[in-house]
Amino acid sequence: MEDLPGVSAFAHDPVRAYVEALLSKAGFAHAPEAERAETVAALTAEAQRRIGLELTEAIDPYSLKEFRAMAEVGAGEDELAAFFDVRVPDAEARVRRALDSFGRECLEHAARLRGQLHL
Amino acid sequence: MKTSGLKRLIPVGWKRAARELVDHMAARHVFEASEVQRAEIASRADTFVSSSRLDDETASDLKFDLFVGDWNSRAKASARLSSHGAWTPWYVVGSLASQPGSSDIDAHADDARLATAIAIAAREVLLPGMAARHAQLLGPALSAIQHEKNGIGLWDKVFCPLVSEFAVNARSRGVHRRTAAMRALAAAVHLKGLALSGSGGDDVFLLGSAAASMLRSRVGVAEVVDEPSLKKLAQDVAAFNDVRTGIWDENDSETSRLLGAAAAVAVFGRGSITKLKPSLNHGENGHTHLSFEKFGRYAHLTASAAAEVLDDEATHPRTHADERSRLATLADFLRHHPAVHAVSFSEALGINDAEERREDFSPGMKVYRAVMAGRRRPIICEGKNGRKVRCRAVASPSGAFVGYLAFDALSRELGGRPIYAAYTLNGDRYGYAWADEHPVIRRGEPEQGFKTALERIQV
């Protein structure tokens, strides 16, 4: 299995940056731009869902309620990062774990598909 | 089964239902299917054709939000796109991702769309292995991935062979192999995500989008240097200049750190000059990691004793991994309190005391130091020969007050081992506990073998 790409700490959306790096690793770096953008969008949304699922298991109901309230008032990203630091044990490690797991899944599927389609 | 071949078989200007078209194709031996299978093929083809999808403009707007919006917009766009299948085209995913069809079937579906719908439906219904895998995926594998610890393994086992079918579907639409692979990849992860989330709402997208901000560098936060800090620094440096000769010999580590930070700001134009603070993991809200029941139980233990109990719980093999992590975090938080041995657990967390509970000693009971609410001075009990001794309140492992321990100078060891005298809550002598290990209450009378210290140690 190929190494997973790193997460860029300086990207506007680190998840999207990760997905783009993932697609390059999977051998789709030179795909047509429109098709590539479509796939990046799909995988980015899916990566968000996986991170969310990982955190859903760790966050307690009270904190989740508070998070919803913060989302409604449009809390800033730094505020949210602090919130997760305090309210979810090992939040950052969980996020990274979810991304790693997602990355592995994508690379496995991609390797299988490339073999089957003789790419 | 080629779509192009099917398309040629559709009579020009066909306006009737898919069922009749399926019968028409079966009559021309495009496929061999029973009556029941033909009905199923027609039904699925109708679902594909009528499946609801976002129009291109809306999908494009949502993708724009997904790429350039803030975290909230990204989450909303993801949730909406995902639930409407904008990027899981029905001709790739097939019936596994079939959306509820709109009430009226699209009467203007072009021939290519109709032919593809029938081709996919026929493949799903007529290939026995594929039909069985679909049934497994929507039945046992779906339950397993949502409810069982190792459910992902079962899901993958059933699902992986189907991924190539998605690519075949896309190829039948005439797309390039690389594009087909990318669509199949997107469809595969999307379906797995759907299965994992079960009936979960949009919270997962919100949480995911918000938590992604944790991956970003927090250098930006550190770069913000507030003006009062700079003014204060200027005053401090001016004061230091007055006593310059003594600075380098007498400064403490904090002063050195501040001077270093100031030099870094002056030279590099970035950084911050603030006092060191504990990380956010040890913030004011540490108590949010603890259930109300546990808080009530340990409220009156000293913070250090509570940390010890929480550590014991965290290392217990039956404690869940998540709970273990929370307890360890909380224990760590308590240990950072500046007066960890003097304040109660609830005080260390900055919340109100719970109601006091009391119990009696029992032999073999492990006890922990506790803090009586509103009482800071030690309790005085009667020691050996009526001598007054200062006692400390102790609590049972369940957090209830059980009595006091004292170090009695006149009976401070037994068999060469140091001991504590144990007193009940009403001040009566109960027994003793070894002082060179964690105190465990033992029943006994003071005169049973108690010895005073040797006056002289023989060397």
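Me: Why is A:E20 called partly exposed?
Reply: Its relative accessibility is 27%. Buried means under 20% relative accessible area, exposed means over 50%, and partly exposed is whatever falls in between (1.4 Å probe, protein chains only). The value of 27% lies in that middle range, so A:E20 counts as partly exposed.

Me: What should I keep in mind about the model and its numbering?
Reply: This is a predicted model, where local features need pLDDT of at least 70 and side-chain atom pairs count only at pLDDT 80 or more, while totals for chains, interfaces and linings use all residues. Residues are numbered from 1 along each chain as its sequence is written, chains are lettered from A and ligands numbered from 1 in the order in which they are written, and side-chain values use heavy atoms, leaving out hydrogens and water.

Me: What makes A:E20 and A:R16 a salt bridge?
Reply: A salt bridge is a side-chain nitrogen of Lys or Arg within 4 Å of a carboxyl oxygen of Asp or Glu. Here the closest N and O atoms are 3.3 Å apart, so the pair meets the cut-off. The two residues are four residues apart in helix α1 (residues 14-25) of chain A, which means that about one helical turn separates them. Helices here are DSSP runs (H or I, at least four residues) and strands are runs of E (at least two), numbered from the N terminus. A:R16 is partly exposed too, at 25% relative accessibility.

Me: How do you know that A:E54 and A:R97 tie together separate parts of chain A?
Reply: Their side chains meet in a salt bridge, with 3.1 Å from N to O. A:E54 sits in helix α2 and A:R97 in helix α5, so the pair ties together parts that are 43 residues apart in sequence. A:E54 is buried at 18%, whereas A:R97 is partly exposed at 44%.

Me: What makes B:E124 buried, and which residue does its side chain meet?
Reply: B:E124 has a relative accessibility of 2%, so it counts as buried. Its side chain forms a salt bridge with that of B:R44, at 2.6 Å from N to O. The pair links distant parts of the chain, with B:E124 in helix α7 (residues 111-126) and B:R44 in helix α3 (residues 35-50) of chain B, 80 residues apart.

Me: Why is helix α12 of chain B described as largely enclosed?
Reply: Nine of the nine residues of this helix (residues 203-211) are buried, so the rest of the structure largely encloses it. Among them are B:F205, B:L206 and B:L207. The cover includes α2 (33-56), α3 (61-73), α4 (77-87) and α5 (91-116) of chain A, together with α5 (71-83) of chain B.

Me: What makes B:A348 buried, and which residues is it in contact with?
Reply: At 12% relative accessibility, B:A348 counts as buried. It lies in helix α20 (residues 345-349) of chain B. Leaving aside neighbours within four places in sequence, B:A348 is in contact (heavy atoms within 4.5 Å) with B:A303, B:F333, B:L334, B:H337 and B:V343. The C-alpha atoms of B:A348 and B:S304, 44 residues apart along the chain, are separated by 9.8 Å.

Me: Why does B:D56 count as exposed?
Reply: The relative accessibility of B:D56 is 66%, so it counts as exposed. B:D56 is found in helix α4 (residues 56-68) of chain B.

Me: How do the two chains look overall in helices and strands?
Reply: Chain A has five helices and zero strands, whereas chain B has 20 helices and eight strands. Of the 119 residues of chain A, 54% count as buried; for the 459 residues of chain B, the share is 44%.
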